[in-house]
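Q: I'm new to reading protein structures and would like a close look at one part. Could you walk me through it slowly?

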Amino acid sequence: MSHVTSRLAAYLAGELTAQQRDEVARHLETCEACRREYEAQAAVWGLLETVAEPEPSAASVWPAVRLRTIAAENGNARPALGWAAAALAAGIILGMAWPGGGARTGDLASVGAVEDEDSWLQSSWLQRDTGDDLAAGWLLAGLDENEGGGGS
Amino acid sequence: MLPVAARISDDSLMAAVARGEEAAFGLLVRRWEHQVRAFLVHMLGSVEEAEDLTQDTFVKVFAKAGSYRPEGMFRSWLLRIAGNLARSRLRRRKIIRWLPFDARRHDRPGGGPDPHAELESGEIKVVLHQVLDALPPRQRQALVLHRFQGLTYKEIAAAMDTTLPAVESLIQRALADLRVKLKTRGVEP
């Protein structure tokens with residue numbers, strides 16, 4: 001069998017089929033050069049495990065994303081969003097979202113101010129802990145939970 | 001038993017977003033924002049930029065909701081959007097680096113790393129971050145998606161709009177490249 005250096009990452013990642021894995025393993029038993037390369041790459045692979053997961057952000061991006069999508073909707077009809085039109089018609093966010101094109105990181109204080117004025121946003125679905133109520137509402141409204149299959 | 005909201009699939013949420021359900025969009029953002037942000041932090045090495053591009057990613061998700069195909073690959077689709085934005089940002093950075101008077105490129109006299117000082121400081125993790133940042137963007141994207149985001153090669157292929165052999169090659173080259181770069185910096189794990 002030819003050298004296996006081009007397959008070592010997939011071997012380490014567990015992405016080879018059982019047959020391919022056996023072939024690589026057998027080769028490593030007999031080929032000194034490939035084994036040295038494997039050990040070196042395995043060490044780097046292991047070192048990557050020490051890379052820490054970034055600290056989670058304290059604030060959700062959702063309020064800012066919501067404002068930006070509503071602002072974008074004002075100039076773009078796709079997809080048709082009843083809620084965006086309703087919010088704009090109510091004059092809730094025009095002053096906050098324009099002309100800057102929407103809030104960015106750091107604008108969360110102003111986002112919060114908008115939320116205070118928006119009784120709809122204060123409804124339970126904005127809270128993680130009460131997501132069930134929202135979901136139950138959809139289900140009652142006829143949203144097929146199994147629609148489309150798959151997902152996370 | 002999982003909460004009801006957690007049992008609604010991403011595809012169902014996307015169908016609702018395309019119909020104009022703000023609540024569905026809010027749930028989707030909250031479900032995925034941490035993973036998107038973590039991916040972008042690894043890609044960009046900057047929390048601040050990652051926060052901005054996390055927003056941008058979801059704004060694009062909203063804009064493209066109508067064209068999403070419900071095939072159970074939402075995570076790959078989402079991370080493809082985030083990855084494209086990250087690579088675009090990295091390209092822009094590269095252009096900015098060529099502009100004159102960019103003080104950030106002259107932090108150290110001589111411009112290059114000082115392996116002895118780095119090793120003396122014992123901050124191998126810092127070096128590791130730096131060599132990760134120095135990988136070509138597509139190699140870094142593939143490696144980050146697999147090693148830090150837990151995507152399979154198949155999911156990465158979907159997220160990067162490429163083939164399985166191409167993903168294998170990208171990650172193999174990233175690993176070999178990392179090894180060389182670490183060695184250059186005096187780190188041999």
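Q: Let's start with Asp56(B): does it count as buried or exposed, and at what relative accessibility? After that, please take me to the place where the domains of chain B touch.

A: Happy to! Keep in mind that this is a predicted model. Asp56(B) sits in helix H4 of chain B, which covers residues 47-64. Asp56(B) counts as buried because its relative accessibility is 14%, and the cut-off for buried is under 20%. The side chain of Asp56(B) also has a partner in the other chain: a polar contact of 2.7 Å joins it to the side chain of Arg68(A).

Now for the domains. The domain assignment divides chain B into domain 1, residues 1-97, and domain 2, residues 115-189. Taken over C-alpha atoms, the centres of these two domains of chain B are 23 Å apart. Where they meet, domain 1 of chain B brings 15 residues to the contact and domain 2 of chain B brings 15 residues. About 1500 Å² of area is buried between the two, and carbon and sulfur atoms give 57% of that. On the domain 1 side of chain B, the residues that lose the most area to domain 2 are His42(B), Arg80(B) and Arg87(B), which together make up 37% of what that side buries.

What links the two sides? Between domain 1 and domain 2 of chain B the count is one salt bridge. Arg75(B) and Glu155(B) form a salt bridge, with their closest N and O atoms 3.1 Å apart. There are also seven residue pairs in polar contact across this interface of chain B. Helix H3 (22-44) and helix H5 (74-97) of chain B each supply at least two residues of the domain 1 side that touches domain 2. The largest share of that side, seven residues, comes from H5(B). Sorted by class, the domain 1 side of chain B that touches domain 2 has seven nonpolar, five polar and three charged residues.

One more residue is worth a stop: Gln149(B). You can find Gln149(B) in the loop between helix H8 (137-147) and helix H9 (153-159) of chain B. Gln149(B) is buried, because its relative accessible area is 7% and buried means under 20%. Leaving aside neighbours within four places in sequence, Gln149(B) is in contact with Gln35(B), Ala38(B), Phe39(B), His42(B), Arg75(B) and Val144(B).

Notes
Residues numbered from 1 in each chain as written. Chains lettered and ligands numbered in written order. Predicted model: local features only at pLDDT ≥ 70, side-chain atom pairs only at ≥ 80, totals over all residues. Heavy atoms only, no water. Domains from an automatic or database assignment. Contact = heavy atoms within 4.5 Å. Buried area = accessible area lost by both parts, 1.4 Å probe. Salt bridge = Lys/Arg side-chain N within 4 Å of Asp/Glu carboxyl O. Polar contact = N/O pair within 3.5 Å; in protein donor to acceptor, adjacent residues only side chain to side chain. Helix = DSSP H or I, 4+ residues; strand = E, 2+ residues; numbered from the N terminus. Nonpolar A, V, L, I, M, F, W, Y, C, P; charged D, E, K, R; others polar. Buried < 20%, exposed > 50% of the residue type's maximum accessible area, 1.4 Å probe, protein only.
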